[in-house]
Amino acid sequence: MNILDLSGRTAMVTGAAHGLGAAIADALHTHGAQVALLDHDAPANRDTAAHLGSRAVAITADLADLDRLDNACAEAVQQLGPVDILVNNAAMAPMRGLWDIDPTEWDAVFAVNVRAAFFLTRTIAAGMRARGFGRIVNIASLSGQQARPTGAHYGVSKAALIAMTRSFASELAPDGVTVNAVAPGMIETPMVHTIGTDKKAELTAQIPVGRIAAPAEIAGLVAYLASDAAGFITGATYDINGGVLMR
Ligand SMILES: NC(=O)c1ccc[n+]([C@@H]2O[C@H](COP(=O)([O-])OP(=O)(O)OC[C@H]3O[C@@H](n4cnc5c(N)ncnc54)[C@H](O)[C@@H]3O)[C@@H](O)[C@H]2O)c1
């Protein structure tokens with residue numbers, strides 16, 4: 001028996017055009033799920049979905065636009081059927097010092113990283129609850145657990161996502177719907193390329209395993225949490241950071 005078999009399941013992954021989201025969509029798809037890839041970068045999202053082949057559809061939506069999100073969910077359901085697995089992965093991560101963060105950017109980060117995850121989860125979880133099965137995985141960050149000198153709004157948004165994971169987990173636990181968070185350290189994705197080569201080398205030197213993660217190393221854990229095998233795990237936050245934070 002393959003405990004990671006996801007055939008017959010339908011997944012939705014936000015921010016799936018690039019980076020970790022694309023790797024998560026790939027992992028879920030490889031294990032047999034149908035996958036709706038949701039992203040605001042329409043051409044790249046279409047390419048990522050096409051690369052997966054059958055059982056994958058690209059849905060264009062800006063997560064900051066709540067009205068569009070409801071339509072995007074309806075589109076996913078219309079094309080693939082009810083969503084069993086939701087991965088809230090998309091995020092904005094502008095790395096700025098405290099005094100350089102203006103209210104517009106604060107709101108933009110929270111709209112994508114927290115507000116969209118809350119309302120998307122609520123919309124999708126209603127159906128999961130009614131059907132008595134669901135898997136929700138929120139991609140948090142080590143930055144939500146440990147302070148860094150820049151990106152306070154990003155760190156606070158990820159801490160909020162961890163708190164939100166527990167709220168949804170406790171309310172949905174009796175209904176067969178699990179809700180967990182994964183908190184990665186540095187991953188080799190386009191997001192990390194924005195920090196520059198010197199900073200990347202400096203941060204890599206602080207990681208006990210001596211390297212940054214490949215997206216597939218995080219995606220494997222997400223696939224496990226999405227599987228039937230993980231039915232007794234809920235409200236957890238998984239540290240996956242190469243040994244930076246051990247507890
Ligand atoms: N890369 C890292 O080192 C790292 C570390 C810890 C946590 N994370 C988390 O992993 C997740 C994925 O990060 P990544 O490194 O792959 O990022 P990325 O920037 O490489 O990819 C983010 C994806 O989200 C999409 N997206 C962004 N804003 C959107 C919006 N408003 N509407 C729809 N789609 C939107 C982008 O188009 C892109 O496809 C994020 O939650 C991030 O916080 C990343």
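Is Ile85 buried or exposed? I looked it up: Ile85 counts as buried because its relative accessibility is 0%. Here buried means under 20% relative accessible area, exposed means over 50%, and partly exposed is in between (1.4 Å probe, protein chains only).

Before going further, a note on what I'm looking at. This is a predicted model, so I keep in mind that local features need pLDDT of at least 70 and side-chain atom pairs count only at pLDDT 80 or more, while totals for chains, interfaces and linings use all residues. Residues are numbered from 1 along each chain as its sequence is written, and side-chain values use heavy atoms, with hydrogens and water left out.

**Entry 1, Ile85.** I placed Ile85 in strand 4, residues 85–88. Strands here are DSSP runs of E with at least two residues, helices are runs of H or I with at least four, and both are numbered from the N terminus. I also checked Ile85 against Lys200: they are 115 residues apart along the chain, and their C-alpha atoms are separated by 33 Å.

Next I went to the ligand, which sits in the largest pocket. For the record, a pocket is an open set of points on a 1 Å grid over the protein atoms alone, where a 1.4 Å probe fits and protein lies on both sides within 12 Å along at least five of seven lines. A molecule sits in one if more than half of its atoms lie within 2 Å of its grid points.

Which elements give two or more residues to the shell around the ligand? I get helix 1 (19–30), helix 5 (152–172) and helix 6 (190–193). Helix 6 gives the most, with three residues.

I count 27 residues around the ligand, and Asp39, Asn89, Tyr154, Lys158 and Thr189 come nearest. A residue is near if one of its heavy atoms lies within 4 Å of the molecule. By type, the shell divides into 16 nonpolar, eight polar and three charged residues. In that scheme Ala, Val, Leu, Ile, Met, Phe, Trp, Tyr, Cys and Pro are nonpolar, Asp, Glu, Lys and Arg are charged, and the others, Gly among them, are polar.

Then I went through some of the N and O pairs. The side chain of Tyr154 puts an N or O atom 2.5 Å from an oxygen atom of the ligand. A polar backbone atom of Asn89 is 2.6 Å from a ligand oxygen atom. At His40, a backbone N or O atom lies 3.3 Å from a nitrogen atom of the ligand. On its own the ligand has 830 Å² of accessible area, and the protein covers 92% of that. Those areas come from the Shrake-Rupley method with a 1.4 Å probe.

I found Asn241 in the segment after strand 7 (237–240). Asn241 is buried, because its relative accessible area is 8%. Its side chain reaches the backbone nitrogen of Gly243 at 3.1 Å. A polar atom of the Asn241 side chain also lies 3.3 Å from the backbone nitrogen of Leu245.

Ser143 is in the loop between strand 5 (134–139) and helix 5. It counts as buried, at 12% relative accessibility. What does the side chain of Ser143 make a polar contact with? I see the side chain of Arg148, at 3.4 Å. A polar contact is a pair of N or O atoms within 3.5 Å; within protein, one must be able to donate a hydrogen and the other to accept it, and residues adjacent in sequence count only if both atoms are side-chain atoms.

I stopped at Arg55 for its backbone: phi is positive, about 70°, although Arg55 is not a glycine. Arg55 lies in the loop between helix 2 (42–52) and strand 3 (56–60). With a relative accessible area of 35%, Arg55 is partly exposed.

Last stop: Val112, in helix 4 (residues 103–131). Val112 is buried, with a relative accessible area of 12%. Val112 and Ala90 are 22 residues apart along the chain, and their C-alpha atoms are separated by 7.3 Å.

Definitions and conventions. 1 Å grid on protein atoms, 1.4 Å probe; cavity = no way out; pocket = protein on both sides within 12 Å on 5 of 7 lines; lining within 4 Å.
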